[in-house]
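Let's take a friendly walk through a protein model together. Keep the structure open as you read, and find each residue as it comes up.

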Amino acid sequence: MVDLINSPPLNLSLSKVYLIEELKIRNWKVYSYYPKSAFLRLIRPDNKIIELYGMTPPSTTFPDGYRSDDKYSTYILLKENGIPSPETFLVDSLTEAQECLTSYTGKNKSALVVKPMDSSHGNGVTINISTKEHLALAWDNAIHYSNYVLLQEQINNCKDIRVTIVDYKAVGVVIREPASVDGDGEHTLAELIKIENAKQDRGENYSKLKNKINESNAQAFLGKDIIFVPPQGEKVRAIFDAMTIAPQWLLELAEKVSKICNLPVCGVDILMNNISNDCTEVETNPKIIEINKSPALFLSDMVSVKGQN
């Protein structure tokens, strides 16, 4: 066992780092089975042992946790309970996906998102798919991460909101922006991505403040534009604290979702047109994208958090 309280610094996720620091204050002991193990053994001062997998608490049952990884099962569950979510289709072949795309774009005149059914960290996700040519590329990208692929309604011109839930209560809200690079008028987008990924604040799987930009996903999304040399002024990815401007109904919606999914600790991802204290559910049209049973707790802890640790 590895003593995470007294051992030299390891390449841990920021969420684990924050958890360990909090437990150290409370005089708990923290061990992992080996340096890169996702399992943690927590020992309270009264010697009570608690086994933890990632940031998923032991109160989360295996079926509930497994279902949260299955995006389509989660979609069905939320739909049964009247929770607004983007229209989603489960397909198991490229031919079926092409038929779905043709039917959907013909009726709705809008693009689709292609994603693996059970991946994380944005792996295998491609947006703005409206042609069979692009769909084939997106399919190859998604099927690499899962045996099943989802086609999902694309929500445009919206805010990407993460509500962090602890003990079925909303304790943090952040607005997330997609990864981007700083154009300098000299380097191509491919080169700028490599430069950005080499920075000290980018790492793998939330081991640093920012994740590295997935180069293959960027290639699939940008296509031939990957060799474009952008001018100066591109916006860099950022996370904005939104707890102070989140309307009460939004917090209650996220809390309701956590209870429906039976996940006492989770991250509820929501797309909506805007967010402010006085915005209404009707005008913002919120859509639940997915629920993460093991959220990056540091996202809320690094900004202001409402409630107790």
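## Before you start

This is a predicted model, in which local features need pLDDT of at least 70 and side-chain atom pairs count only at pLDDT 80 or more, while totals for chains, interfaces and linings use all residues. Residues are numbered from 1 along each chain as its sequence is written, and side-chain values use heavy atoms, with hydrogens and water left out.

## The whole chain

The protein chain holds 10 helices and 15 strands. These are DSSP runs numbered from the N terminus: helices are H or I with at least four residues, strands are E with at least two. Of its 309 residues, 44% are buried (under 20% relative accessible area; exposed is over 50%, partly exposed in between, with a 1.4 Å probe and protein chains only).

Now take the contacts (heavy atoms within 4.5 Å) between residues at least 6 apart in sequence: 65% of them join residues at least 24 apart. The chain exposes about 16,300 Å², and carbon and sulfur atoms supply 52% of that area (Shrake-Rupley method, 1.4 Å probe; for residues, only the protein chains shown count as cover).

Which residues of helix α3 (residues 71–80) are buried? They are K71, T74, Y75, L77 and L78. Seen down the helix axis, these buried residues fall within an arc of 165 degrees, so they line one face of α3 (the arc is that of the directions from the axis to the C-beta atoms). An α-helix has 3.6 residues a turn, so residues three or four places apart point the same way.

The buried residues of α3 pack against several elements, including α2 (62–69), β8 (149–153) and α8 (248–260). On the face turned away from the buried side sit the exposed residues K79 and E80.

Look at the two ends as well. At the start of α3, a side-chain oxygen of D70 comes within 3.2 Å of the backbone nitrogen of Y72. After the helix comes G82, with a positive phi near 75 degrees.

Is Y33 buried or partly exposed? Y33 counts as partly exposed because its relative accessibility is 38%. You will find Y33 in the loop between β2 (29–32) and β3 (39–43).

A190 lies in helix α6 (residues 189–197), and at 28% relative accessibility A190 is partly exposed too. The C-alpha atoms of A190 and I226 are separated by 5.4 Å, although these residues are 36 residues apart along the chain.

How values were computed. A polar contact is a pair of N or O atoms within 3.5 Å; within protein, one must be able to donate a hydrogen and the other to accept it, and residues adjacent in sequence count only if both atoms are side-chain atoms.
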